[in-house]
Amino acid sequence: MYPSLFAFCTGVLLVHFSPSPFAALAIFVAICFFVCVYCGLFSARFRRRLQGALKQLLTVFLLALFGVSYASWEVASHQNMRVAESESGEHKFVSGYLCSIPVNHDFGVRVTLCTDRGRYLLSLSGDAPRPESGMCWQGTVKLKAPRSSFNPWSGSYERYLFAERIVGFAYAKSLERFDCSLSQHMLSLVTEQRWKLKRYLDSQLSGLDQSGVVIALVLGHRAEISAHQSEVLKLSGTQHLMAISGLHVGIVCWLVYFMLQKAGIRYFVFPAVALVGLVYIAMVGFSPSAQRAYVMMLCAMALISGKVPGGAWSAYLLALVLVLGIDPLAPLNPGFWFSFVAVFWLILIYRMLLKGRSYGLLKSMIILQCLLTLGLMPIQTHFAMHSSVFSLPANLVAIPWVSVVVLPLSLLSVLVSALLPVMASIGFDVVDTVLNFLFAFLAIGLEFGLGVGAAANSAREQLDQILYGVSYSALLLFLLIMGRLRLLWLAAGLLLLIFLLVLNTRFGGISSVSSVEQFAVLDVGQGLSLVAQQDEQLWIYDTGPSYAKYSSAKTVLLSYLREYAGLVRKTYLVVSHGDADHAGDAKWLATKLQPRVALLGEPERTEMPKEQRVRPCMLGQRLNTGALSMSVLWPAANPTLEQARGNARSCVVRFTLFGYRFLVMGDLEGEYERAFIRHYAQLGKLDELRSEVLIAGHHGAKAATRISLLKHVKPSFVIFSSGYGNRFQHPSAEAVGRAKRFGAEVLNTADTGALIFKVKQVSVGGDTRLELERSRNQSDVYWLAR
């Protein structure tokens with residue numbers, strides 16, 4: 001039975017990991033078949049059992065094939081339901097019911113609308129009537145394909161949209177109500193009750209510092225968590241506590257189980273716990289993480305009650321089969337891997353180290369948390385998630401703090417609030433105070449800057465990190481050795497010590513790539529961010545946009561540095577001008593990277609750390625270091641330019657990598673672009689503008705990238721950095737047409753994703769060519785919108 005169940009799970013997972021799952025399955029089964037036949041030819045005993053073995057192999061093959069087919073069918077079904085690129089911009093009539101709690105933002109309201117076609121992320125303009133809970137809505141909306149920026153080294157929003165079965169975005173100025181059908185009304189009741197509870201909690205938690213965190217824990221609605229709180233949780237490695245995970249569902253169910261056992265009720269324990277768990281995951285919106293945790297909890301309860309034969313591994317495999325059977329797209333969600341890998345390590349660590357031994361609660365928790373953190377490191381790396389040395393002690397404190405105190409007290413306060421409002425108010429105040437202490441402790445992670453993404457350029461910071469890692473490792477080794485002196489424990493402790501030392505002595509934890517020579521145009525949506533790199537030297541031009549809880553500098557750019565900037569020691573920063581789509585979180589990045597110098601197009605609008613060496617960007621500035629050089633071509637010293645603001649002050653830069661030139665125009669456009677051309681014409685140096693690659697000005701605006709510029713630059717590639725379906729309609733048809741007229745290959749990051757130019761040697765004599773990688777076009781993952 002177990003090989004058959006495992007075969008089904010393998011078949012489902014092949015769809016997510018293999019470009020051709022059916023081919024991979026055929027190869028796998030062929031290998032198994034030939035092994036069976038080969039063994040049968042040379043073993044008389046095996047020949048007698050060959051028939052039974054082949055029957056079992058056939059069963060395994062069929063179930064694996066069923067898993068592949070089932071998951072492939074789910075993938076294909078959702079792909080067919082999604083809004084196609086050809087439908088983007090079209091106006092269509094839709095009708096459905098609200099299936100999420102609405103979120104207010106600067107431009108109106110965002111909510112999930114469930115229709116017969118699927119789930120839309122619906123945005124209502126600011127002057128539209130606000131939707132009401134439990135209501136069905138219909139009207140004409142403007143559609144947009146579920147696309148976002150794509151960088152292969154960082155997490156993708158499109159993968160999240162696919163996993164959540166979002167078919168597209170919809171924008172409406174107004175909608176009207178209509179009478180729900182019985183089925184729609186029943187489905188909308190869950191959202192209605194959640195919405196009522198959300199409004200009630202808003203009134204009860206008004207004025208409390210941690211109200212957003214409490215709402216996230218109770219309702220699974222994380223939109224109220226502030227940007228600062230999100231950053232603290234992320235950098236301390238405790239962001240998983242705000243997701244409705246197995247920890248939360250398990251706590252609720254085990255509390256009910258414990259109370260029923262104490263009350264002497266034993267016959268209906270399992271149905272009662274299952275019902276309470278179902279009510280709880282309904283309260284948090286039936287999120288995929290809550291459903292997964294509920295299934296795993298039921299399997300654990302069935303194991304304890306003796307309903308699952310075979311022990312913990314049998315219950316584990318049963319939970320895996322049920323989760324993949326209910327949702328074959330679950331592996332797209334990082335939470336799926338964290339849940340099952342964590343439980344795998346918990347079972348393994350318990351059986352190998354803790355079973356039959358008495359270490360005490362504190363020591364057992366330390367051993368579990370340390371080994372579990374190390375075991376989850378590959379998953380964090382795979383999904384480009386933050387990881388830090390500080391996350392070890394942070395989780396040791398935060399997990400029991402939240403699970404034993406915060407969550408039970410929050411839920412208890414909600415339950416008694418209707419009968420004893422005064423007691424509930426006291427309970428919420430206590431929760432707020434406890435969370436304030438917790439966040440004060442977690443903020444140490446920000447203070448020390450021990451995150452993997454924090455580039456430790458200064459010798460003192462590197463020394464602090466090494467000493468911290470050594471002291472923590474010594475403490476862990478002491479605890480292990482004091483328990484019982486065993487070779488396995490010593491080996492584990494030494495491996496952990498080596499791991500921490502390597503983690504802290506690396507360049508801020510960034511990948512130790514031996515040598516990189518490339519020019520990368522990052523896909524940051526409607527913004528701009530570039531990286532030019534050659535061995536130990538790295539130039540960053542602009543940091544992309546930053547708004548609300550999103551920062552391209554903290555996600556896309558920092559993930560790039562982790563992937564490629566392993567041996568970089570000389571970092572330089574250029575911020576073209578002060579607009580938010582170019583200078584988002586520039587101060588934060590300068591604090592982390594501590595670049596040798598920062599060139600600013602608008603120093604008065606670009607905030608930098610006080611200790612940062614800053615220079616205004618000015619024509620004539622150059623830096624030549626080996627095969628990578630940088631030259632500032634604009635702005636010139638001009639009183640008119642000095643009084644200008646915004647796009648006119650853009651710092652125009654040319655990078656040269658092994659003789660290949662990349663001209664970056666920032667947001668220069670209109671009369672200032674013409675002034676730029678006139679300046680070089682008057683000097684008789686128009687040939688200096690010749691470049692193989694042109695990063696077009698102002699994302700391809702109509703007034704930028706004029707013929708007068710193109711005929712002197714003569715680029716082979718013209719790149720527009722813009723967001724998919726942006727409201728400015730960048731790049732304009734005029735700018736694209738002008739670039740094509742000059743024979744250049746036109747590329748738009750909204751279509752291609754991140755672009756990476758690499759210099760490749762093609763002959764022994766040293767001849768080179770410029771190769772281009774289009775990340776979206778060259779990626780074979782099925783969840784990308786094409």
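**Cysteines, core and a helix pair**

Reply: Happy to. Let's start with C114, which has a relative accessibility of 11% and therefore counts as buried, since the cut-off for that is under 20%. Please keep in mind that this is a predicted model. The partner of C114 is C99: the two form a disulfide, with 2.1 Å between their sulfur atoms. C99 has a relative accessibility of 17%, so C99 counts as buried as well. The torsion about the S-S bond of C99 and C114 is about 95°, and the disulfide is therefore right-handed. As for where the two ends sit, C99 is in the loop between β1 (91–98) and β2 (103–105), while C114 belongs to strand β3 (residues 108–114), so the bond ties together parts that are 15 residues apart in sequence.

The structure holds two disulfides, and the other pair is C617 with C651, whose sulfur atoms are 1.7 Å apart. This pair links distant parts of the chain, 34 residues apart: C617 lies in the loop between β15 (614–616) and β16 (622–625), and C651 in the loop between α23 (639–643) and β18 (652–657). Both C617 and C651 are buried.

Two further cysteines deserve a look. C253 has 0% relative accessibility and so counts as buried. With 4% relative accessibility, C299 counts as buried too.

Now to the core. The largest nonpolar core has 67 residues, and those that touch the most other members are L122, V141, L201, M242 and F428. Helix α16 (residues 421–442) gives this core its largest share, eight residues. Apart from this core lies another, of 39 residues, with C9, V68, V295 and V323 among them.

Leaving aside residues up to four places away in sequence, F428 touches L201, Q204, L205, L208, V214, S410, S413 and V414.

Helix α6 (residues 182–204) packs with helix α7 (residues 211–219) at an angle of about 155°, and their axes are 11 Å apart. The two helices are therefore roughly antiparallel to each other, as angles over 145 degrees count that way. Their crossing is right-handed. On the α6 side the contact is made by R194, L197, K198, L201 and D202, and on the α7 side by I215, V218 and L219.

Technical notes:
Residues numbered from 1 in each chain as written. Predicted model: local features only at pLDDT ≥ 70, side-chain atom pairs only at ≥ 80, totals over all residues. Heavy atoms only, no water. Core = buried A, V, L, I, M, F, W, Y, C linked by side-chain atoms within 4.5 Å. Buried < 20%, exposed > 50% of the residue type's maximum accessible area, 1.4 Å probe, protein only. Helix = DSSP H or I, 4+ residues; strand = E, 2+ residues; numbered from the N terminus. Contact = heavy atoms within 4.5 Å. Disulfide = S-S within 2.5 Å. Axes fitted to C-alpha atoms, helices over the stretch in contact; angles between N-to-C directions. Parallel < 35°, antiparallel > 145°, perpendicular 65-115°, else oblique. Left-handed = near helix turned anticlockwise from the far one by under 90°.
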